[in-house]
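Here are a few friendly notes to read alongside the coordinates. I have kept them as numbered points so that you can check each one at your screen.

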Amino acid sequence: EAVLTTEGPLMIIAGAGSGKTRVLTYRIAHLLHHGVDAFQIMALTFTNKAAKEMRERIEKVAGNEARSLYMGTFHSVFARILRSEADKLGYGRDFSIYDTDDSKSLIRTLLKELNLDDKTYRVNTVLNRISGAKNQLISVAAYLNNSVLRAEDEAARIPEMGKLYKLYQERCFRSNAMDFDDLLFNTNVLFRDHLDVLNKYQHVFRYVMVDE
């Protein structure tokens, strides 16, 4: 039933190993078989391994047409979108993507510049705090204006956390760089603030599927 349901929203809830990815694979193959252009299908996964396995499965069922699918992890697909649209957010399209080591190095630099004790402001703690904010779609401005977050930072003895978040984002922007969390956060900002871009991608991708 899930394979054959091609119009309107659809959610499949099932346990591990029950065949969700198989259903999604055959659903995409069914769409291709019935004339849907592969370029109009976006399939998102959480890991590169899952994306690779799904593509291989679809190629076995649907052939080489599967290579034209817009398929990958959230981060890889959103990075691809941002490469085309980054200028609307003030970034160059050739922006760098910071990995964890790059982010930690920047945080260490900021701690030194602000003369903050790295035993109190542990690098992993600061990075996790910034990452957690972005994953909740909390911007720097929203963070600084959130009394609950400020109270949490005071209680954790890291009252300058908001300032660190602000400086971290400013330094990334100045260096034309995004970290992994920015790929998700900035895509949300892009679609939220630029309806022309949102409409463009909604028009292109008639079918968006997520495999968890």
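1. A residue counts as buried under 20% relative accessible area, as exposed over 50%, and as partly exposed in between. Please keep in mind that this is a predicted model. Glycine 92 has a relative accessible area of 24%, so glycine 92 is partly exposed.

2. Where does glycine 92 sit? Glycine 92 belongs to the loop between α3 and β3 (96-98). Once neighbours within four places in sequence are set aside, glycine 92 is in contact with Ala86 and Asn176. Glycine 92 and aspartate 181 lie 89 residues apart in sequence, and their C-alpha atoms are 18 Å apart in space.

3. Asparagine 176 follows α8 and has a positive phi, near 55°. Helix α8 itself covers residues 161-174, which is 14 residues. From first C-alpha to last, α8 reaches 20 Å, close to the 20 Å expected at 1.5 Å a residue. Which residues of α8 are buried? They are Met161, Gly162, Leu164, Tyr165, Tyr168, Gln169, Arg171 and Cys172. As background for reading such a list, an α-helix has 3.6 residues a turn, so residues three or four places apart point the same way.

4. Now to the sheet. Three strands form an open sheet in the order β2-β1-β5, with parallel pairing. The edges are β2 (70-73) and β5 (207-211), each of which pairs on one side only. On average, neighbouring strands here are turned by 15° against each other, direction ignored. Strand β1 (residues 41-45) runs parallel to β5 and is joined to β5 by five bridges.

5. Helix α2 (residues 48-62) lies across β1, β2 and β5 and runs at about 150° to β2. Helix α3 (residues 74-85) packs on the sheet and touches β1, β2 and β5, with its direction making about 125° with that of β2.

6. Finally, how do α9 and α10 cross? The axes of helix α9 (residues 180-193) and helix α10 (residues 195-204) come within 5 Å and cross at roughly 100°. The two helices are therefore roughly perpendicular to each other. On the α9 side the contact is made by Leu190, Phe191 and Asp193, and on the α10 side by Leu195, Val197, Leu198 and Tyr201. By class, that contact has six nonpolar residues, one charged residue and no polar ones.

Key: Residues numbered from 1 in each chain as written. Predicted model: local features only at pLDDT ≥ 70, side-chain atom pairs only at ≥ 80, totals over all residues. Heavy atoms only, no water. Axes fitted to C-alpha atoms, helices over the stretch in contact; angles between N-to-C directions. Helix = DSSP H or I, 4+ residues; strand = E, 2+ residues; numbered from the N terminus. Parallel < 35°, antiparallel > 145°, perpendicular 65-115°, else oblique. Contact = heavy atoms within 4.5 Å. Nonpolar A, V, L, I, M, F, W, Y, C, P; charged D, E, K, R; others polar. Expected span 1.5 Å × (residues − 1). Buried < 20%, exposed > 50% of the residue type's maximum accessible area, 1.4 Å probe, protein only. Pairing = 2+ DSSP bridges.
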